[in-house]
Amino acid sequence: AAIDARDDLTAEEKAAAKAEVDSEAAKAKDAVDVATDQAGVDAAKDSGTNAITAVNPEAVAKPAAKEAIDKAAADKKAAIDASNDLTQEEKDAAKSSVDAEANKAKAAIDAAKTSEEVQTAATAGITAIQAINPVAEVKPAAKAAIDEA
């Protein structure tokens, strides 16, 4: 139940952890069966309970996907900052859009149940972030006005 309650794990990560718990439980029951006295039964039970409690699966898929989103966002922001055609206001607006897409992608990753859904959400988020290409309007308009003068 504790494993199922963890939202940071995908279905595949939960299944692997439950299989590990089942294996530890089976080992503990076998140890109880071969115990010859109360002390042996208690020791086997305690050892098995500790082994089961120690099963604490590491979430891998969701943190890795979020890391990929963070990297895509950082790369896009760096590209926006490097654009000399944009005013600071245009850069700030574009970076705000990047943050919004990154947050949306992370929410979708959190909501995903399977590794495949996590990957789909990450790919969609990265694509959305990369699609943000702010158009310079202020500086080109000023240059055009100068040319017309």
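Helices (H or I, at least four residues) and strands (E, at least two) are DSSP runs, numbered from the N terminus. The model is predicted: local features need pLDDT of at least 70, side-chain atom pairs count only at pLDDT 80 or more, and totals for chains, interfaces and linings use all residues. Residues are numbered from 1 along each chain as its sequence is written, and side-chain values use heavy atoms, leaving out hydrogens and water.

Next, select residues 61–135, where the chain is 83% helix and 0% strand and the end C-alpha atoms are 35 Å apart. UniProt, in an unreviewed entry, lists both 2–59 and 61–135 as "domain: DUF1542"; such annotations may be inferred rather than shown by experiment.

Colour the contact residues (heavy atoms within 4.5 Å): Val98, Glu101, Ala102, Ala105, Ala108 and Ile109 of H4 meet Val118, Ala121, Ala122, Gly125, Ala128 and Ile129 of H5.

Finally, centre on Thr10, in the segment before helix H1 (11–34). Thr10 counts as buried because its relative accessibility is 0% (buried means under 20% relative accessible area, 1.4 Å probe, protein chains only). Leaving aside residues up to four places away in sequence, Thr10 touches Ala61, Lys113, Thr114, Ser115 and Val118.

Note on methods
Buried < 20%, exposed > 50% of the residue type's maximum accessible area, 1.4 Å probe, protein only.
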